[in-house]
Amino acid sequence: VRDVNKWSLLVLAVLIAVLLVLPQVVTSSFAVEIFIRILLFSFIGVAWNLMGGYAKQLSLGHAAYFGLGAYTSTIMQIDFNISPWIGMIAGGVVAMLASLPIGWLCFRLRGPYFTIATIATAQALMLVFLKFRDFAWGAEGTTIPNLGSSPLMMQFETKASYYYVVLGLLAVGLLITYAIEKSWMGYYLVAIGEDEDAAEAIGVNAPRIKRDIYMISAFLTALAGTFYTQYIYFIDPATAFSFSISIEAALVSIVGGIGTLWGPVIGTVLLETTSALLQSWLGSSTGGIQLTVYALILMAVILWRPTGLMGMLNDLLQRRAQHEKPAQARTVL
Amino acid sequence: MLETVIQAVVNGLLIGGIYALVSIGVTLIFGVVKIVNFAQGEFVMIGMYITFFLFTYLGIDPLLSLLVSMPVLFVLGALIQHFLIRRVLGPNDMPQIFLTFALSLLLLNLSLLLFSANYRTVHTFYSDEALHIGGIYIPVAKLIAFVVAMGLSGALWVFLRTTDLGKAMRAASQNRDVAMLMGINPNYVFAVAFGAALALAGAAGSLLMPFYSAYPFVGQVFVLMAFVAVVLGTLGNVIGALVASLMMGIAESLGIQFVGADSGLIVVFAMLLLTLAFKPNGLGGGRVR
């Protein structure tokens, strides 16, 4: 067991080193943009996975928190000239608070109807921001004033700087997931995900745990919203509350491996790379092709590998371990 | 004023008939197969495209194309149940939700690729006809759609109540294991239920075509409405879904008349949120799950 730990630490160290030097080595801004997308959606997937993966509360409404984070920091920046770094945290808090009433409503339903309720609440929030043009620019949205190089206002001249910001976010998300996975809360979450009634019967306070993990998940998703708005210098309800953000958050986690630390990251690498390749082959004019391919990948994973790519990887490693040490494996059995 | 209210109620009732066909399908699948079909709206879309192409290339009236769209979608439904859904049935929600969700994503984006995002319409000789009763204006195409929709709903209800297969379906929905012990083949019953639900969605598509445009995203409008109606009418309850759909149609139409033309969706969401807050088990009571 110690052997395995040493190896995985080494792999992790190499991975971190590679990720840190990557934007220095690869200078093509097209490539760095793709890296940023991969890191961003990995982070959103990690946030989704905390609740959707471990506790199996399958939300398709995380765009609500992405949008709330984006709007909170933008409104603070444009109306009060407050730095998006502070706005980002504020957006997280707003999302956390919003998750309380939304969760109160949606957790009344279970399974697929929970999923539908989350879709409806996210769409309803989008409608609110479309309707009330007085405080959030309505359907037209607004551009973020470009201040040139201004790191204190989360505005950078190089794409590489944005890369490091979102890399930092992903690291925070993964560390939080790791900490939760190892704590009592992680076990409670998995218990709820396996069978909520049974978990409650053995004394897990399921409503409280679900509420808490929803708050954490919403907080993290909101951080991604602020980052994205700062990155593209634009906000409107259709982008900030886009259903496709909710879809992608769930998709990358399921394809990568639901309820695993690295699942959302691996899933995003596969899906975003596929999408980038498709775009460079076919051009961006063919609407629908990207999601058609995503849907086919999702169906294939569900029908043949419900544990996702992480499950495949684990099977592979186990088979190799057994192959290398047949004698030991036999004595254990 | 009174006339405006009555007119809005009539409009809502007429479109509510179409909502009913979609929601009855959703609730039938949920009741018997115990899954929520996220792709139900896309089958309405397929029904609309079948009707559109039959009319445009062969000149077949949308009402006659019911005889094509319903059987085609019934077979499609039975095949989907047999080859896809059957493989993910079980206690785990995740594969069930995301399989039908992936199906919805796939059909929607495939139709975007094949048919483009253009709006397709069909113009029949009765598309512009209307009856005037008192001061009330009733478009003939919508009236036909409503009457046929109610007829099909009634036929399904009679089928579930009186035929052996219908009774087997209700038995399988109440207790799958006991039904199996009684000699009911669940795979057969599920395939028929899924097929019947999709046939209703196809019928909704054909009936809509004389007065509604077909486009790849059209199903989303109807499926959202259906989900709310199914929760409101108590999950798995056919009559509940029917009544709730008519109510939703009326509520939406009153919203459009008195709040604003684009407030239809807001009314739907408001109804869903109110239902969740105060009657999470639906108006008829019953179980949440």
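**View 1. L15(A) sits in helix 1 (residues 2–25) of chain A.** Helices are DSSP runs of H or I with at least four residues, numbered from the N terminus. The model is predicted: local features need pLDDT of at least 70, side-chain atom pairs count only at pLDDT 80 or more, and totals for chains, interfaces and linings use all residues. Residues are numbered from 1 along each chain as its sequence is written, and side-chain values use heavy atoms, without hydrogens and water. L15(A) counts as partly exposed because its relative accessibility is 36% (buried is under 20%, exposed over 50%, partly exposed in between; 1.4 Å probe, protein chains only).

**View 2. A nonpolar surface patch includes L15(A).** Patch residues have over 30% relative accessible area and no salt bridge; nonpolar side chains are joined within 5 Å, like charges within 9 Å.

**View 3. Helix 2 (residues 29–54) and helix 12 (residues 243–256) of chain A cross at roughly 85 degrees.** Their axes come within 8 Å. Helix 2 of chain A is therefore roughly perpendicular to helix 12 of chain A (65 to 115 degrees). Helix 2 of chain A makes the contact through residues including R37(A), F41(A) and W48(A); E248(A) and V252(A) are among those of helix 12 of chain A. Contact means heavy atoms within 4.5 Å.

**View 4. R305(A) lies in the loop between helix 14 (289–304) and helix 15 (308–324) of chain A.** R305(A) is partly exposed, because its relative accessibility is 29%. R305(A) touches A300(A), G311(A), M312(A) and D315(A), not counting residues up to four places away in sequence.

Notes. Chains are lettered from A and ligands numbered from 1 in the order in which they are written. Accessible areas come from the Shrake-Rupley method with a 1.4 Å probe; for residues, only the protein chains shown count as cover. A salt bridge is a side-chain nitrogen of Lys or Arg within 4 Å of a carboxyl oxygen of Asp or Glu. Helices (H or I, at least four residues) and strands (E, at least two) are DSSP runs, numbered from the N terminus. Axes are lines fitted to C-alpha atoms, for helices over the stretch in contact, and angles run from 0 to 180 degrees between N-to-C directions. Angles under 35 degrees count as roughly parallel, over 145 as roughly antiparallel, 65 to 115 as roughly perpendicular and the rest as oblique.
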